[in-house]
Amino acid sequence: MRFDILTLFPKVIEAYINESIIKRAINNKLLEINIINIRDYTLLKNGQVDDTPYGGGAGMVLMCEPVVRAIEAVKDEESLVYLLTPQGKIFSDKLANDIVKKTKHLILVCGHYEGFDERILNFVDGEISIGDYVLTGGELPAMVVVDALARFIPGVIKEDSFMNDSFKNNLLDYPMYTKPRDFRGYLVPDILLSGDHAKIEAYREEEKIRVTKEKRPDLLK
Ligand SMILES: C[S@@+](CC[C@H](N)C(=O)[O-])C[C@H]1O[C@@H](n2cnc3c(N)ncnc32)[C@H](O)[C@@H]1O
């Protein structure tokens, strides 16, 4: 799957994609991530990409021209284009899965300052928010989206790990333990040491339901 990330701060994205699972997926050609600097698409002198809001008010607004030109430089008929904004559709496991099924080419546009000129909405497929809070820029949200989608791409993570992760079938994952068996009097449940795989599997299924009821009963509705 190919991602084009449009940003004014490429280094923030570079730092993230050059580590761990995402880096390995890129090296294995499962993911392609291109970082596009919106500033390269301005037609104005001094690399200007933003201006003061019409009607007055604080802050600077990202201008249409550089953002739309940057989108048009990478977009084709197959692409889906989303702005990262706090006003968008709330991102979820389901939305991540839906996007992976719909396209092999996702363009994510990171805002900054006061956000985007509203008219840019006419050139995109939608807006994604990663939650009801306001961040200083769209770079972290873009990374959240890339990372969550990457996990749905075959080969990026192990299949059995993926199948048991939280939110599959509206359940949370079962509790996990590793060595030592006794940590300051807190013990690993005996059944996990029994070697009886059928019993362990049944126990884990029950645990998923227990944990979901306890922590996220809303998922079971
Ligand atoms: C300071 S915010 C702009 C907020 C905007 N004035 C508003 O209140 O809706 C700057 C940029 O950060 C990004 N951003 C902030 N919070 C976000 C969120 N919860 N989800 C996605 N993107 C977010 C967006 O790209 C946004 O354009």
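**Exercise 1. Compare the radius of gyration of the chain with that of a compact globule of 221 residues.**

Step 1. For a compact globule of 221 residues the radius of gyration would be near 17 Å, where the radius is taken over C-alpha atoms and the globule rule is 2.2 Å times the number of residues to the power 0.38.

Step 2. The chain, by contrast, has 21 Å, and along the principal axes its C-alpha atoms fill a box of roughly 70 × 40 × 35 Å.

Step 3. The chain is divided into domain 1 (2-150) and domain 2 (159-220), with bounds that come from an automatic or database domain assignment, and the C-alpha centres of these domains lie 36 Å apart.

Residues are numbered from 1 along each chain as its sequence is written. The model is predicted, so that local features need pLDDT of at least 70 and side-chain atom pairs count only at pLDDT 80 or more, while totals for chains, interfaces and linings use all residues.

**Exercise 2. Describe how strand S6 (residues 105-110) is covered and paired.**

Step 1. The chain has seven helices and nine strands, which are DSSP runs numbered from the N terminus (helices H or I, at least four residues; strands E, at least two).

Step 2. Strands pair if DSSP finds at least two bridges between them; S1 (residues 2-7) runs parallel to S6 and is joined to it by five bridges, with Asp 4 opposite Ile 107.

Step 3. S5 also pairs with S6 in the parallel sense, over five bridges, and here Tyr 82 has Leu 108 as its bridge partner.

Step 4. Five of the six residues of S6 are buried, a residue being buried if 20 or more other C-beta atoms lie within 10 Å of its own, exposed if 12 or fewer, and partly exposed in between, with C-beta atoms placed from the backbone.

**Exercise 3. Explain why Phe 91 is classed as buried, and list what it touches.**

Step 1. Phe 91 is placed in the loop between S5 and helix H4 (93-102).

Step 2. Phe 91 counts as buried because 20 other C-beta atoms lie within 10 Å.

Step 3. Leaving aside residues up to four places away in sequence, Phe 91 touches Ile 128, Ser 129, Ile 130, Val 144 and Val 145, contact requiring C-beta atoms, placed from the backbone, within 7 Å.

Step 4. Val 144, one of these partners, is 53 residues from Phe 91 in sequence and 9.1 Å away in space, C-alpha to C-alpha.

**Exercise 4. Characterise the shell of residues around the ligand.**

Step 1. Of the 20 residues around the ligand, Leu 84, Gly 111, Gly 115, Gly 138 and Pro 141 come nearest, where a residue is near if its C-beta atom, placed from the backbone, lies within 6 Å.

Step 2. Strand S5 (residues 80-90) supplies the largest share of this shell, four residues.

Terms used:
Nonpolar A, V, L, I, M, F, W, Y, C, P; charged D, E, K, R; others polar. Contact = placed C-beta atoms within 7 Å.
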